[in-house]
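Thanks, everyone, for making time this morning.

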Amino acid sequence: MSLKQNIPTVPLSRFIKHSLEILKNPLPFHHKNFEEQGDVFKLKIGFKNSVVFIRDAAFAEYVLQKNQKNYTKSKIQTEDLVKYVGKGLLTSEGEHWKKQRKLIQPAFHKKQLENLLESIKSAILLEYDKITPNKVIDIFPILNDLAFQTVVKSLFSSAANQEDINRLQYITEQAQKMLVKELRQPYLGWWFNLSGEIEKHIELTNEARQILKRIVNERRASTIKEDDLLDMLLEARYDDGNAMEEEQLIDEILILFTAGHETTSNALTFTMQLLALHPEWQDKIYEERLALKSESDDLMDLVSQSKVCQQVLEEAMRLYPPAYFIDRVNKEPDTFNGMDFEEGSNLLFSVYEIHRHPKLWEQPNAFLPERFNEGSRKFSSQYFPFGAGPRKCIGNNFAMFEMIIAVSELVSNYKMHPEFDDIDITPLITLKPKNAYLKFEKRN
């Protein structure tokens with residue numbers, strides 16, 4: 001791939017010089033390049049390979065929405081991730097993706113999600129039993145388990161036993177860690193193959209597939225209707241009247257595990273840390289919750305009317321977007337803002353940088369949930385926590401409902417106090433929190 005020379009280029013020598021710090025956390029390196037080179041720059045990552053880094057929100061909107069037909073996801077998602085999760089919504093392209101999206105979309109309509117709210121709430125409350133008041137705890141493992149249990153309960157109701165759930169969570173997380181290794185250390189690809197590391201993780205994935213097949217077959221044989229996501233996926237029909245084949249169904253379930261739990265647990269952890277640092281917003285959520293409960297006990301009413309809680313979550317995802325990069329490759333040559341891109345250019349949009357761009361946001365590094373008092377639509381051309389365009393995350397409503405319940409339930413029962421100096425991050429495939437130590441004081 002080569003690009004016309006009207007794009008600033010960061011040389012390979014600089015990439016190699018900073019390779020160890022990039023392995024640990026690439027964001028400071030990229031930020032420095034954006035500050036020095038502008039909102040679009042090309043980074044040489046090999047003698048022939050380069051990646052275009054972008055924090056231009058208008059360019060992101062153009063690629064993800066206005067001219068999205070000319071762009072496809074990169075090899076990372078359409079090949080590298082496929083070997084662990086198969087060809088589901090997240091990893092497929094073209095007609096296959098369109099067909100799957102059309103089939104699965106109804107399962108995530110708000111009306112359908114309303115049926116899942118009680119099981120989501122019960123899964124959340126069960127995990128909160130692990131909190132010991134007045135003791136310093138790392139909240140991330142609790143929220144990570146919470147997010148996984150929520151996906152499992154929404155998918156399977158009570159069909160999966162705890163041993164299966166634990167094993168599925170372990171395998172999902174191990175596959176993600178392996179993929180991070182492959183992406184961050186591509187020069188060790190030969191060793192990962194030779195040592196059997198990749199093969200070992202593919203075998204783990206196959207084990208997960210067998211567990212899921214057993215659960216699916218038990219459900220098919222059952223006469224009880226659970227009204228969960230699995231029932232909806234089993235009942236869904238393509239235009240020709242056929243149901244999903246078993247392998248495709250397993251692919252979609254694996255995608256839901258992968259995409260549905262880690263991003264949510266990350267976003268929730270960052271939200272709790274920000275609330276711990278800004279107790280006045282805990283009080284606002286608590287007061288809103290009391291007011292809403294005095295009017296209605298209906299869970300859907302509580303979720304849809306928790307405006308303060310939603311503002312806090314939206315601001316947390318602005319500052320710490322779990323999907324902090326979006327990648328695309330153009331199928332045909334393209335031009336944007338005077339820059340020419342040859343076919344097959346690797347474009348990497350930094351959602352993290354776009355969400356903190358000083359030209360787009362007032363006080364970009366400050367926690368100001370009030371900026372979302374009219375909702376996030378006001379910022380739709382510069383705010384991409386769930387992506388944008390036709391490939392926007394299908395589970396965005398599910399995630400928001402789950403997170404609103406999780407935050408409002410926790411704030412209803414506890415005051416949170418920070419036991420950390422600064423919010424620290426570990427950028428892997430998603431933006432992960434680090435050292436999220438909090439102390440919980442029981443509310444009267």
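Let me begin with Asn-49, which is partly exposed because its relative accessible area is 48%, a value that lies between the 20% limit for buried and the 50% limit for exposed. Please keep in mind throughout that this is a predicted model. Asn-49 sits in the loop that runs between strand E2, residues 40–44, and strand E3, residues 50–54. If we set aside residues up to four places away in sequence, Asn-49 touches Leu-43 and Lys-44. For a sense of distance across the chain, Asn-49 and Arg-371 are 322 residues apart along the sequence, and their C-alpha atoms are separated by 40 Å.

As background, most residues other than glycine have a negative phi. Asn-134, although not a glycine, has a positive phi of about 60 degrees, and its place is in the loop between helix H9, residues 117–128, and strand E5, residues 136–138. Asn-134 counts as exposed, because its relative accessible area is 57% and the cut-off is over 50%. Gln-363 is likewise not a glycine and has a positive phi, here about 45 degrees; this residue is in the loop between helix H19, residues 351–354, and helix H20. With a relative accessible area of 52%, Gln-363 is exposed too.

Now to the interior. Is Leu-229, in terms of accessibility, buried or exposed? At 4% relative accessibility, Leu-229 counts as buried, and the residue is found in helix H14, which covers residues 229–235. Leaving aside neighbours within four places in sequence, Leu-229 is in contact with Ala-107, Phe-108, Leu-116, Ser-154 and Leu-155. Leu-64, on the other hand, is 165 residues from Leu-229 along the chain, and the C-alpha atoms of the two are separated by 28 Å.

Met-400 gives us another buried side chain to consider, with a relative accessible area of 11%, and it lies in helix H20, residues 396–413.

Which residues of the largest nonpolar core touch the most other members? They are Phe-156 and Phe-257, in a core of 107 residues. Helix H15, residues 246–277, supplies the largest share of this core, namely 13 residues. Phe-156 itself touches Leu-212, Ile-215, Arg-219, Asp-228, Leu-230, Ile-253 and Phe-257, not counting residues up to four places away in sequence. There is also a second, separate core of 21 residues, and among its members are Val-52, Ile-54, Phe-349 and Val-351.

Staying with H15, I would like to describe how this helix meets helix H16, residues 279–295: the two pack at an angle of about 105 degrees, with their axes 5 Å apart. That angle makes H15 roughly perpendicular to H16, because angles of 65 to 115 degrees fall in that class. On the H15 side the contact is made by Leu-275, Ala-276 and Leu-277, and on the H16 side by Pro-279, Trp-281, Gln-282 and Ile-285.

Let me finish with the chain as a whole, which contains 20 helices and 13 strands. Its C-alpha atoms fill a box of roughly 60 × 50 × 40 Å along the principal axes. For 444 residues, a compact globule would have a radius of gyration near 22 Å, and the protein chain has 22 Å, so the two agree. Of the 444 residues, 55% count as buried. Finally, if we take the contacts with a separation of 6 or more, 73% of them are accounted for by residues 24 or more positions apart.

Key:
Residues numbered from 1 in each chain as written. Predicted model: local features only at pLDDT ≥ 70, side-chain atom pairs only at ≥ 80, totals over all residues. Heavy atoms only, no water. Core = buried A, V, L, I, M, F, W, Y, C linked by side-chain atoms within 4.5 Å. Buried < 20%, exposed > 50% of the residue type's maximum accessible area, 1.4 Å probe, protein only. Helix = DSSP H or I, 4+ residues; strand = E, 2+ residues; numbered from the N terminus. Contact = heavy atoms within 4.5 Å. Axes fitted to C-alpha atoms, helices over the stretch in contact; angles between N-to-C directions. Parallel < 35°, antiparallel > 145°, perpendicular 65-115°, else oblique. Rg over C-alpha atoms; globule rule 2.2 N^0.38 Å.
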